[in-house]
Amino acid sequence: MDVKKVLSDLKRRFPNEPEYHQAVEEVLMTIEDEYNKHPEFEKYNLIERLCIPDRVFTFRVTWVDDKGQVQTNMGYRIQHNNAIGPYKGGIRFHSSVNLSILKFLAFEQTFKNSLTTLPMGGGKGGSDFSPRGKSDMEVMRFCQAFVTELWRHIGPQTDVPAGDIGVGGREVGYMYGMYKKMALENTGTFTGKGLEFGGSLVRPEATGYGNVYFLLEMLKTKGIDIKDKVVAVSGSGNVAQYTVKKLISLGAKVVTMSDSNGYIYDPDGIDEEKLAFIFNLKNIQRGRIREYAEQYGCKYVEGARPWNEKCDIAMPSATQNEIDGDDARALLANGCFAVSEGANMPSTPEAIAEFLNAKILYAPGKAANAGGVSVSGLEMTQNSIKLSWSREEVDAKLQSIMKDIHAQCTLYGKQEDGYINYVKGANVAGFMKVAKAMMAQGIL
Ligand code: NDP
């Protein structure tokens, strides 16, 4: 494979899609050696077929706001690859959403889903609609309008969406309700549903808990105990909240959380009571993280990210490219020895290079945050067999999957000096399964 040529062709055919180019480049650079051991891959032009989504749906979403004004947003669904199972991946509602961001997410999702050991292909969707500042009724009307277009492209064996930034239980409920009405079926064609209508226990917790389980596996390779370690977390949404919850229960000290306006630094650590305040602030009041600093009298830094604060472990859980080269150098200079990504592609290529050069424990999102989609896969299974598993059962399965993902990363990522390059390990392990499935199914 000529990585430079593949990338330059993609950039020429799909200009102005920097996040998509970034995600593809990171994967191709790390799978090149393994790919070249298989001349049959090149013969069947596997790489282009794997990089370019199977199909992309783009549509206008029209809805009416509380003032009676007609609003339009863009809606998208990327069906990236279904070699190993139905397309599967979240829906993102955020003003920044565009084709490039969703194509990078769908590409990453394909490898992540492959790593989970469950039969799921990769997809992603979303809209440039932002639920922030909207009333419940506006969010409902938007979700219904979005699904009125999307529903014909999805289904329990075709494509199963879930949540992501800006899409939590409320939004999934509204979308699933409309889907059911349009499709006249109740087969669970969304995951992250409410418990009363087919949702799985532990799904809300799964991405955050899964990330901590993955971190524990990494720490185990060095004989390090999580107790009393100082952790910097970014974000204050679904993934960040449950990451912090699990960390507190294990005796770690979480000192930061953030939102898109700024971050809080609480040197005493966020305890259970303070975390309950955040759950209420973010999920019920839909307020800003600044209000935590006002409530507990700690530092709030407007317009900044938390990576200059001293910590042992960083768990970015907000959004893509939120740790740049300078942030990575600041973390390392302050003694940070582990980074485990809850968000998708939160570290820039420069930041990743810093972490790998310093040989710290560094887990890319596609491995560390795969717990969310894994429990989504378990939700699909429960819907199919029309049974619900207990909290303990789902949590045990989640822990076992995260251990398995860690083992796959180690298999392909362990270097001669013993250092585990989790980026390479995750990319190669994820790639090989999809590649073999594609080869077996012919030229499509
Ligand atoms: P939420 O919408 O629940 O929370 C997102 C958090 O990140 C909020 O605190 C938000 O702040 C902040 N944020 C969003 N955009 C930006 C930005 N541009 N700059 C700074 N902060 C930002 O989303 P999730 O917690 O579900 O998702 C967080 C990350 O985890 C995403 O990268 C997502 O793709 C990834 N992920 C999520 C999974 C899931 O199961 N939910 C599964 C795997 C990965 P504000 O409130 O100001 O918007």
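So, how do the residues of the shell around the ligand divide into nonpolar, polar and charged? Before I answer, keep in mind that this is a predicted model. Okay: four of the shell residues are nonpolar, 14 are polar and eight are charged.

In total, 26 residues surround the ligand. The closest are Asp-164, Thr-207, Ser-260, Arg-288 and Asn-344.

Let's look at a few contacts. Start with Asp-164, where a side-chain N or O atom is 2.6 Å from an oxygen atom of the ligand. Then there's Arg-92, which has a polar side-chain atom 3.0 Å from a ligand oxygen. Ser-236 uses its backbone instead: an N or O atom there lies 2.9 Å from an oxygen atom of the ligand. And how much of the ligand does the protein cover? On its own the ligand has 890 Å² of accessible area, and the protein covers 83% of that.

Where do the shell residues sit along the chain? The elements giving two or more residues to the shell are α8 (203-222), α9 (238-249) and β7 (253-259).

Now zoom out. The chain is divided into domain 1, residues 53-186, and domain 2, residues 206-368. Each of these two domains gives at least three residues to the ligand shell.

Taken over C-alpha atoms, the domain centres are 27 Å apart. About 1,000 Å² is buried between the two, and carbon and sulfur atoms give 48% of that.

Conventions:
Residues are numbered from 1 along each chain as its sequence is written. This is a predicted model: local features need pLDDT of at least 70, side-chain atom pairs count only at pLDDT 80 or more; totals for chains, interfaces and linings use all residues. Side-chain values use heavy atoms; hydrogens and water are left out. A residue is near a molecule or strand if one of its heavy atoms lies within 4 Å of it. A polar contact is a pair of N or O atoms within 3.5 Å; within protein, one must be able to donate a hydrogen and the other to accept it, and residues adjacent in sequence count only if both atoms are side-chain atoms. Accessible areas come from the Shrake-Rupley method with a 1.4 Å probe; for residues, only the protein chains shown count as cover. Helices (H or I, at least four residues) and strands (E, at least two) are DSSP runs, numbered from the N terminus. Ala, Val, Leu, Ile, Met, Phe, Trp, Tyr, Cys and Pro count as nonpolar, Asp, Glu, Lys and Arg as charged, and the others, Gly among them, as polar. Domain bounds come from an automatic or database domain assignment. Buried area is the accessible area (1.4 Å probe) that two parts lose on being put together, summed over both.
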